[in-house]
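Subject: Structure handover

Hello,

Here is the structure you are taking over. Please have it open while you read the notes below.

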Amino acid sequence: SNYMNAHENSYEFLCEKLNTYMTDTSLVERAYKFALVSHANQKRKSGEAYIVHPVCVAIILAELEMDAECIAAGLLHDVIEDTDYTFEDLRAAGFDNEIIEVLKLMTHDDSVPYMEYVTAIKSNPIASAVKLADLEHKSDLSRLDGIDEKALKRKEKYATAIALLKA
């Protein structure tokens, strides 16, 4: 799947998918622009631009024909955890409580054990869908350069979380 290479292509691919079932994509566009700005100078350990992962999560959700709120949450799901932006910034940018609630559930506080965090996500169908897509993309080890013990351990943790969300 070579559309994963450049984020423009990924975003174009996402838009093509959305246009097959969604009439108004303005919320998704706003979420993409916000995510793009907030993750602007971030790179993954692999050197890949940070925005690629949220876009891939959104593409997975678009394959399931999820609604605009869900796709927007997919694009924004790492903003609070991994940038200096706050929930207030999201609110000021015009994102509503529904999306903010989802993002609050998805932001992992290190003081909360991981599976407890996943269980809380389960209470919200949009957060659950986004987390499943997030874990599905992170479990795809083909996006890593090398697969080490840590990567396999993470994949195991993700598999447990996926099972918990699907239960």
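His77 sits in the loop between α4 (68-76) and α5 (79-82). Helices here (H or I, at least four residues) and strands (E, at least two) are DSSP runs, numbered from the N terminus. This is a predicted model, in which local features need pLDDT of at least 70 and side-chain atom pairs count only at pLDDT 80 or more, while totals for chains, interfaces and linings use all residues. Residues are numbered from 1 along each chain as its sequence is written, and side-chain values use heavy atoms, with hydrogens and water left out.

His77

With a relative accessibility of 2%, His77 counts as buried; buried means under 20% relative accessible area, exposed over 50%, and partly exposed in between (1.4 Å probe, protein chains only). The side chain of His77 makes a polar contact with that of Asp134, at 3.3 Å. A polar contact is a pair of N or O atoms within 3.5 Å; within protein, one must be able to donate a hydrogen and the other to accept it, and residues adjacent in sequence count only if both atoms are side-chain atoms. Apart from neighbours within four places in sequence, His77 is in contact (heavy atoms within 4.5 Å) with His53, Pro54, Val57, Leu103, Met106, Val130 and Asp134.

The buried ones are Ala68, Cys70, Ile71, Ala72, Ala73, Gly74, Leu75 and Leu76.

The axes of α4 and helix α2 (residues 26-38) come within 9 Å and cross at roughly 5°. Axes are lines fitted to C-alpha atoms, for helices over the stretch in contact, and angles run from 0 to 180 degrees between N-to-C directions. The two helices, α2 and α4, are therefore roughly parallel to each other; angles under 35 degrees count as roughly parallel, over 145 as roughly antiparallel, 65 to 115 as roughly perpendicular and the rest as oblique. On the α2 side the contact is made by Leu27, Val28, Ala31, Tyr32, Phe34 and Ala35, and on the α4 side by Ala68, Glu69, Ile71, Ala72, Leu75 and Leu76. By class, this contact of α2 with α4 has 11 nonpolar, no polar and 1 charged residues. Ala, Val, Leu, Ile, Met, Phe, Trp, Tyr, Cys and Pro count as nonpolar, Asp, Glu, Lys and Arg as charged, and the others, Gly among them, as polar.

The largest nonpolar core has 49 residues, of which Leu14, Ile71, Leu75, Leu76 and Leu90 touch the most other members. Such a core is a set of buried Ala, Val, Leu, Ile, Met, Phe, Trp, Tyr and Cys residues joined through side-chain atoms within 4.5 Å.

Thr83

Thr83 lies in the loop between α5 and α6 (87-92) and is buried, with a relative accessible area of 13%. The side chain of Thr83 reaches the backbone oxygen of Val79 at 2.6 Å. A polar atom of that side chain also lies 3.1 Å from the backbone nitrogen of Tyr85.

Helices α8 and α9

The axes of α8 (residues 114-121) and α9 (residues 125-138) come within 8 Å and cross at roughly 135°; α8 and α9 are therefore oblique to each other. Tyr114, Tyr117 and Ile121 in α8 meet Ala127, Ser128, Lys131 and Leu135 in α9.

Regards
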